[in-house]
Amino acid sequence: MRVYTYVTSFIVVTLTHAQRDASRYLYFNTPGSSLSSSLPIGNGRVAAAAYGTTLERITINENSVWSGQWQDRGNSQSLNALSSIRQKLMDGDMSSAGQQTLDAMAGNPQSPKQYHPTVDMTIDFGHSGTLGSYTRILDTRQGTAMTTYILGGVNYTREYVASYPAGVLAFRMMANQAGKLNVDIALARSQNVASNAASSSGNINSITLKGNGGIPFTAEARVVSDTGSISVNEKTMSVKGATIVDIFFDAETSYRYGSASAWELELKNKLDNAVKAGYNAVKTAAVKDAEGILSRVNINLGSSGSAGTQPIPSRLSNYKKNAGADPELVTLYFNYGRHLLLASSRDTGDRSLPANLQGIWNDNYDPPWQSKYTVNINTEMNYWHALTTNLDETHKPLFDLVDMTRAQGRAMAKKMYGCNDGFVVHHNTDLWGDAAPVDKGTPYTVWPMGGAWLSQHLMEHYRFTQDKNFLQNRAWPVLKDAANFYYCYLFMYNGSYVTGPSLSPENTFVVPSNMRTAGKTEGVDIAPTMDNELLWELFNNVISAGKALGITDITVSKAKDYLSKIKEPKIGSKGQLLEWRNEYKEGEPAHRHFSHLFGLFPGSQMTPLVSETLAQASKVALDNRMRAGSGSTGWSRVWAMNLYARLLDGANVWSNAVTFLQTYTLDNLWNSGENRWFQIDGNFGFTSAIAEMLLQSHSVVHILPALPKSAIPKGSVKGLVARGNFVVDIDWSGGSMTQATVTARSGGEVALRVENGAAFKVDGKVYTGPLKTNVGGKYTITKA
């Protein structure tokens with residue numbers, strides 16, 4: 001009888017919380033119909049998307065199942081063509097230079113590998129007819145999901161858990177009446193199946209599928225039943241007359257192991273341990289882990305009341321009519337972004353893989369943009385909120401990928417550019433660290449700046465954590481390698497070190513009358529503004545890291561020299577920051593990228609407290625692009641939110657947040673890109689923007705820098721992190737801070753600013769300048 005009591009109480013508690021906490025749960029009263037209406041969970045390596053249908057389908061991904069092995073795609077003609085292309089660009093022969101760039105430098109084949117599905121698990125309950133009290137819920141605080149309904153007087157419940165401690169997925173199916181649970185369980189995939197069989201022997205009931213595609217793998221589901229009978233029919237396992245059925249799942253691949261016997265031993269050990277521990281222990285450990293991390297940050301932007309108790313489809317529909325009635329939808333989206341990153345990016349040992357273009361969830365063998373790592377914005381956006389929202393555990397997989405790209409990028413730097421030191425990455429990569437140019441088009445293919453941008457994330461990790469060992473052993477080698485490439489690659493033009501051939505990611509300009517071919521749109525040029533801003537950040541990072549580590553070698557001295565010769569951002573005739581070396585006519589005024597505003601966000605060169613002039617020029621450029629129709633994808637819109645936050649413009653952050661939620665959310669609140677295709681980056685960029693609205697720290701620890709006072713006059717946030725490793729809690733009312741607490745996790749000096757420069761006190765004393773803090777010290781800030 002205890003089993004039945006447990007089932008009933010679980011459902012009641014969950015439903016009560018779903019109705020009460022509109023900022024925590026994704027709640028649905030209908031099953032999912034596609035991946036974009038599923039409930040996504042994951043442990044950072046293996047993930048599941050559950051549909052909650054009567055014939056349950058669970059799309060399962062292991063993040064190293066891709067389409068193939070690494071291959072050298074570098075173009076052997078590149079080095080010999082480089083000087084000719086540069087000369088054409090300097091001479092203004094833009095079209096010829098662009099064509100030669102594609103002919104001589106594009107990769108062959110044009111694309112790296114693509115991310116593939118692993119398996120689908122189907123669980124047939126034999127249910128048909130009307131389902132009573134149907135409910136699906138995703139808990140963004142615990143990282144778990146559930147489905148429940150009543151059929152024939154029996155309450156059926158499913159729980160879905162992704163355990164980081166155990167390294168497995170765990171699913172429990174329950175009936176609240178003894179012996180009423182009957183299920184047929186199977187694994188399937190539509191391509192490259194070497195074998196697929198169910199077996200029951202020696203108290204081990206398993207279904208094992210082996211894939212023999214690009215990355216060989218073995219996937220296994222272990223089935224445990226409390227009562228009832230278990231039988232096997234080729235690929236299917238049937239359980240009849242049970243009350244509880246548990247499934248434990250794992251998949252292991254050749255990516256991290258040298259032989260099938262090695263990865264299958266790992267698979268066996270994980271599943272053996274999970275089965276031995278039992279479902280309750282696996283779930284308890286998983287929840288403790290996820291909740292311990294996700295509960296670090298709590299944000300309150302107001303209550304939605306009854307509007308927040310509705311299912312997600314109704315909330316989205318109502319939000320389009322009256323956004324102000326459901327402020328907790330913003331809070332939920334913020335929390336969802338943190339859940340999704342923790343689910344798709346964890347340190348899982350050697351060769352951890354970061355969140356890709358779809359995070360970790362994919363059901364397509366030809367996914368949009370191969371679901372790879374696009375490093376001219378999307379991959380980096382995935383991690384914008386990792387540090388500010390207290391999720392530094394998610395960062396290591398990104399650094400593992402950077403190390404993979406360094407290995408391939410060194411060879412590519414030599415092959416394409418004749419550089420014997422340093423590494424280069426172009427605008428995409430894959431799990432092998434493919435460093436060659438991708439696709440074939442002048443606006444996007446040859447952009448040798450991926451290493452500069454990726455390296456910034458390692459320096460930011462140090463700034464937030466103050467981990468000197470990390471800086472010395474992980475960040476410094478990457479910064480040094482990135483800088484060494486540019487010391488070789490850059491060339492002098494009109495007194496400055498410049499890039500070229502390069503581009504402003506995916507955008508075009510109209511060739512002016514004094515260049516060739518006049519009137520044609522091109523993408524390749526010398527010294528695009530974004531390149532200069534990336535170099536400014538990189539060389540400053542090298543100098544700062546060298547200072548922190550006491551390094552004064554040639555890498556640092558060169559950084560100082562090159563920094564002094566990088567082109568300054570230029571302002572155009574209309575007061576706008578220019579995107580290219582000249583004031584070209586824009587080929588696409590509403591372009592979705594804001595590449596030339598990198599120095600505003602995520603960079604720091606052009607922020608208002610650093611340079612009012614460049615910040616104002618950035619605002620003109622941003623406003624112009626938005627008026628023309630930019631923000632036309634979810635990730636583009638949230639980039640605009642982050643940019644407006646850096647401009648201290650809370651009203652525009654909030655108005656774009658509203659537009660985003662009204663326009664770009666899919667059924668399960670995933671972000672959409674072009675053609676309504678699922679892309680995870682917008683989810684993560686949204687969370688970043690809300691954090692930036694409330695706390696910034698690129699120059700000082702700035703409390704409520706961009707609060708939209710009329711939209712959220714009262715609220716609080718606890719647990720955000722500022723550079724210097726300071727944890728910040730903030731309360732506000734009437735659109736103004738009432739109190740904040742700064743906790744110094746590493747000690748050190750901290751400079752503070754409140755709102756637009758309001759006077760304030762620290763521990764009752766008027767603030768007059770930077771404070772020296774102690775490790776573990778707490779400092780209370782109030783208005784003066």
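Visitor: How much area do domain 2 and domain 3 bury between them, and how do you know that it counts as buried?

Guide: This is a predicted model, and in it domain 2 and domain 3 bury about 470 Å² between them, with 51% of that on carbon and sulfur atoms. The area is called buried because it is accessible area that the two parts lose on being put together, summed over both.

Visitor: What makes the pair glutamate 460 and arginine 723 a salt bridge?

Guide: The closest N and O atoms of glutamate 460 and arginine 723 are 2.5 Å apart. The cut-off is 4 Å between a side-chain nitrogen of Lys or Arg and a carboxyl oxygen of Asp or Glu, so this pair qualifies. Across the interface of domain 2 and domain 3, the rule finds one salt bridge.

Visitor: How many residue pairs are in polar contact between domain 2 and domain 3?

Guide: Four residue pairs are in polar contact there, both partners being at pLDDT 80 or more.

Visitor: What makes glutamate 266 and lysine 270 a salt bridge, and why are they about one helical turn apart?

Guide: Their N to O distance is 3.4 Å, and the limit is 4 Å, so the label holds for glutamate 266 and lysine 270. They are separated by about one helical turn because they are four residues apart in helix H4 (residues 260-277). For the whole model, the count by this rule comes to 43 salt bridges.

Visitor: Which peptide bonds are cis, and where do they lie?

Guide: Proline 501 is in the loop between strand E21 (496-498) and strand E22 (509-510). Another cis bond joins arginine 516 and threonine 517, where omega is about 0°. Threonine 517 sits in the loop between E22 and strand E23 (521-522).

Visitor: What is the phi of tryptophan 369?

Guide: Tryptophan 369 has a positive phi of about 55°, although it is not a glycine. Its place is the loop between helix H7 (328-344) and strand E18 (373-374).

Visitor: Which features does UniProt place on the chain, and what is their helix and strand content?

Guide: An unreviewed UniProt entry gives "domain: Glycosyl hydrolase family 95 N-terminal" at residues 26-256, a span that is 11% helix and 50% strand. The record's "domain: Glycosyl hydrolase family 95 catalytic" covers residues 279-694, where the chain is 47% helix and 5% strand. Residues 696-766 carry the UniProt feature "domain: Alpha fucosidase A-like C-terminal", and that span is 0% helix and 56% strand. The end C-alpha atoms lie 34 Å apart for residues 26-256, 40 Å for residues 279-694 and 21 Å for residues 696-766.

Methods:
Residues numbered from 1 in each chain as written. Predicted model: local features only at pLDDT ≥ 70, side-chain atom pairs only at ≥ 80, totals over all residues. Heavy atoms only, no water. Buried area = accessible area lost by both parts, 1.4 Å probe. Polar contact = N/O pair within 3.5 Å; in protein donor to acceptor, adjacent residues only side chain to side chain. UniProt positions renumbered as here; feature names shortened; annotations may be inferred. Helix = DSSP H or I, 4+ residues; strand = E, 2+ residues; numbered from the N terminus.
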